[in-house]
Amino acid sequence: MGILGLSKLIADIAPQAVKECDIKNYFGRKIAIDASMSLYQFLIAVRSEGNQLTTVNGEPTSHLMGTFYRTIRLVENGIKPVYVFDGKPPEMKSHQLDKRAERREEAEKELQKATEAGDQASIDKFNRRLVKVTRQHGEEARELLRLMGVPTVEAPCEAEAQCAELVKAGKVFAVATEDMDALTFGSTVLLRHLTFSEARKMPVQEFHLDQVLDGLGLKQEEFIDLCILLGCDYCGSIRGVGPKRAIDLIRQHRSLEQVLKNIDTAKYQPPEDWSYQDARRLFLTPEVAKADDVQLKWSDPDEEGLVKFLCGDRQFSEERVRNGAKKLMKARSGTTQGRLDGFFKVTTTPNPKRKADDDKKNAANKKAKSGGGGRGRKPK
């Protein structure tokens, strides 16, 4: 879910914090990608087109197709991706997971009704709601990325928190995810739409946390309280408080403790036993692997391994897989040089004799311009 309404709130109040960029802007950049979010997008996208890709046994492979071809496009654009996978969810997220399970049960009932009625539009809608990224999807994607030479990280808990840890430590430039809570975890740069910007003909949205905080007029802890008030994965929020009222309350009172002391709780009812303080701690000190302990290494693709993994039962075209492996190999050779050339200007040590000659020429030119040379241009 991320943070409800946060992207629109930022666009309305702190638009300077968001830039629209082309994927080519990230040449030479290391980007941490929220793997589960990407896999979900791929599963949804292909299913919504009504042409789910499967193995010979009927198991979906669209998550592999999406990961394979999109990763190639990222690497061809000079990006060095690292995919970060979720670990165990925090206990505080259980209520959100329960809600998702309830929604899936309801979607299954509605799907059955739509199927009996022959309503194809509703069938597609409820099919999309039933999409879930499983452990098997994650394991298969990790193996595919290993064969592609792309590093993966398994977070001890939330992937967005682990991505933010890598950004804050300077291991990567940004987090790529659709969930805005990467900012709540402290990532200094967040990229939305990166993994599908070209397919959907839309620009990458680049959010900068320092400009978000400046535009909203908040410190990081106040921003975290705002995100909890808007609605996050870890606890409920105050009934009747929308985004505009939420930012007004935090700006006025600066903390959820003070908000609770100063609002009419009969009119704006907080959840019973509201655990906002625990949610705040999860955002401030999430369970992550320390960036210094995370080794990121990109390597050459294993072409034969990719053919063995993707072809056969998974029914990928061998020719396309081999072409993809060759594209990865070609792109690896030129990923970083352009970014380095852009960052560092070439400097030379001046030649003393040449400098003296240049000084004489400059002095002569000045004399001519001032009229001292007799043949200079007349002043206007």
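This tour moves through the structure by selecting one group of residues after another.

The model is predicted, so local features need pLDDT of at least 70 and side-chain atom pairs count only at pLDDT 80 or more, whereas totals for chains, interfaces and linings use all residues. Residues are numbered from 1 along each chain as its sequence is written, and side-chain values use heavy atoms, with hydrogens and water left out.

**The cores**

Select Ile-10, Leu-183, Phe-223, Leu-226, Ile-228 and Leu-229, which touch the most other members of the largest nonpolar core, a group of 59 residues. A nonpolar core is a set of buried Ala, Val, Leu, Ile, Met, Phe, Trp, Tyr and Cys residues joined through side-chain atoms within 4.5 Å. Buried means under 20% relative accessible area, exposed over 50%, and partly exposed in between (1.4 Å probe, protein chains only). Next, colour helix α10 (residues 220–230), which gives the most to this core, with 7 residues. Helices (H or I, at least four residues) and strands (E, at least two) are DSSP runs, numbered from the N terminus. Another core, of 37 residues, lies apart from this one; its members include Tyr-26, Ala-174, Val-307 and Phe-316.

**Leu-39**

Move to Leu-39 in helix α2 (residues 35–48). Is Leu-39 buried or exposed? Leu-39 is buried, at 3% relative accessibility. Beyond its neighbours within four places in sequence, Leu-39 is in contact (heavy atoms within 4.5 Å) with residues including His-63, Phe-85 and His-137. Leu-39 and His-137 are 98 residues apart in sequence, yet 7.8 Å apart in space, C-alpha to C-alpha.

**Rings**

Show Trp-274 and Tyr-276, whose ring centres are 4.9 Å apart and whose planes stand at 50 degrees, so the pair is tilted. Rings of Phe, Tyr and Trp (its six-membered ring) pair if their centres lie within 6.5 Å; planes under 30 degrees apart count as stacked, over 60 as edge-to-face and the rest as tilted. Trp-274 is buried at 12% relative accessible area, and Tyr-276 is buried at 8%. Then select Phe-185, Tyr-234 and Phe-283, which form one aromatic cluster.

**Strand β7**

Finally, select strand β7 (residues 204–208), in which 4 of the 5 residues are buried, so the strand is largely enclosed by the rest of the structure. Strand β1 (residues 18–21) runs antiparallel to β7 and is joined to it by 4 bridges; two strands pair if DSSP finds at least two bridges between them. Here Val-18 stands opposite Phe-207. Strand β6 (residues 189–192) is also antiparallel to β7, with 4 bridges, and Leu-191 stands opposite Glu-206.
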